[in-house]
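Please find below a colleague's note on the model shown here. The points are numbered so that each can be taken up separately.

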Amino acid sequence: MFGLGWLELSIVALLLLLVIGSGRFPGAARQAGQAAGFVQKYRKQWLMVKRFLRLG
């Protein structure tokens, strides 16, 4: 994902934990995961539309 490895992702997660606090971190992580799923879902649909238009 974006060329980031586990070390970089863990550093970002640690920084976020320090910035937003331990109480709000699980909710923020859940919301970020849902947003990533939303983007992935609509990216797939967009690629299908592009493929369909090339065939038509």
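**Notes on the model**

1. Arg43, Lys50, Arg51 and Arg54 together form a positive surface patch. Patches are made of residues with over 30% relative accessible area and no salt bridge, like charges being joined within 9 Å and nonpolar side chains (Val, Leu, Ile, Met, Phe, Trp, Tyr) within 5 Å. A salt bridge is a side-chain nitrogen of Lys or Arg within 4 Å of a carboxyl oxygen of Asp or Glu. Lys and Arg count as positive and Asp and Glu as negative, with His and the chain ends not counted, and the charge is placed at NZ of Lys, CZ of Arg, CG of Asp or CD of Glu.

2. This is a predicted model, in which local features need pLDDT of at least 70 and side-chain atom pairs count only at pLDDT 80 or more, while totals for chains, interfaces and linings use all residues. Residues are numbered from 1 along each chain as its sequence is written, and side-chain values use heavy atoms, with hydrogens and water left out.

3. The protein chain has two helices and zero strands (DSSP runs numbered from the N terminus, helices being H or I of at least four residues and strands E of at least two). Its radius of gyration, taken over C-alpha atoms, is 16 Å, well over the 10 Å that the globule rule gives for 56 residues, so the chain is more spread out than a compact globule; that rule is 2.2 Å times the number of residues to the power 0.38. Along its principal axes, the C-alpha trace spans about 50 × 20 × 10 Å.

4. Buried residues make up 0% of the 56 residues, where buried means under 20% relative accessible area, exposed over 50% and partly exposed in between (1.4 Å probe, protein chains only). The accessible surface of the chain comes to about 5400 Å², of which 69% belongs to carbon and sulfur atoms, by the Shrake-Rupley method.

5. In helix H2 (residues 25-55) lies Arg43, which counts as exposed because its relative accessibility is 55%. Ala32 is also found in helix H2, but is partly exposed at 48%; Ala32 and Leu7 are 25 residues apart in sequence and 18 Å apart in space, C-alpha to C-alpha.

6. Leu7, Ile11, Leu14, Leu15, Leu17, Leu18 and Val19 make a nonpolar surface patch of about 720 Å². Of these, Leu17 lies in helix H1 and is partly exposed, with a relative accessible area of 32%. Ile20 is found in helix H1 (residues 6-20) and is partly exposed at 25%, while Ile20 and Arg51 are 41 Å apart, C-alpha to C-alpha.

Key: Accessible areas come from the Shrake-Rupley method with a 1.4 Å probe; for residues, only the protein chains shown count as cover.
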